[in-house]
Amino acid sequence: MEAYYGVAAIAGICLLVLLMGMLKQKAAGVLVAFVLRVFAGAVGICVVNEVLESQGIAVAAGINPVSLLTVGTLGISGFALIYAILFYRLL
């Protein structure tokens, strides 16, 4: 399990270096906005999962590349889409 965190840390550092290199280009604004939406979406998913768990609702979205890509691309509507799909499956 510790190796997984080490690999994740190295990947995060590599992405940070790539991000810093792209800041010099014009596409940096779009990339920074995408990364911020991904980060905010991941935090939002964690918070909503905890709130739903404390209320006894058995719905939890996973934090995986597909959900982060959805939230990063679509923003708040992607976040709502993830939970809408989960609640639809609950019916």
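Pockets and buried polar residues in a predicted model

Q: Which element gives the most residues to the lining of the second largest pocket?
A: Two elements, α3 and α4 (76-90), each give two or more residues to the lining of the second largest pocket. Of the elements, the one that gives the most, with four residues, is α4.

Q: Is Ser 67, one of the residues lining the second largest pocket, buried or exposed?
A: Ser 67 lies in helix α3, and among the residues that Ser 67 touches, leaving aside those up to four places away in sequence, are Gly 62 and Ile 82, which also line the second largest pocket. Because its relative accessible area of 7% falls under the 20% cut-off, Ser 67 counts as buried.

Q: What is the volume of the largest pocket, and which residues are the closest to its centre?
A: The largest pocket has a computed volume of about 410 Å³. From the 13 residues that line this largest pocket, the ones closest to its centre are Leu 15, Leu 19, Phe 34, Val 35 and Val 38.

Q: Which helix gives the most to the lining of the largest pocket?
A: At least two residues of the lining of the largest pocket come from each of α1 (2-22), α2 (28-54) and α3 (65-74). With regard to class, this lining has twelve nonpolar residues, one polar and no charged. The element that gives the most to the lining of the largest pocket, with six residues, is α2.

Q: Which residues does Asn 49 touch, not counting residues up to four places away in sequence?
A: Asn 49 lies in helix α2. Its relative accessible area is 14%, which is under 20%, and Asn 49 is therefore classed as buried. When residues up to four places away in sequence are not counted, Asn 49 touches Val 59, Ala 60, Ala 61 and Tyr 83.

Key: Residues numbered from 1 in each chain as written. Predicted model: local features only at pLDDT ≥ 70, side-chain atom pairs only at ≥ 80, totals over all residues. Heavy atoms only, no water. 1 Å grid on protein atoms, 1.4 Å probe; cavity = no way out; pocket = protein on both sides within 12 Å on 5 of 7 lines; lining within 4 Å. Points joined across faces, edges and corners; volume = space filled by probe spheres on them. Nonpolar A, V, L, I, M, F, W, Y, C, P; charged D, E, K, R; others polar. Buried < 20%, exposed > 50% of the residue type's maximum accessible area, 1.4 Å probe, protein only. Contact = heavy atoms within 4.5 Å.
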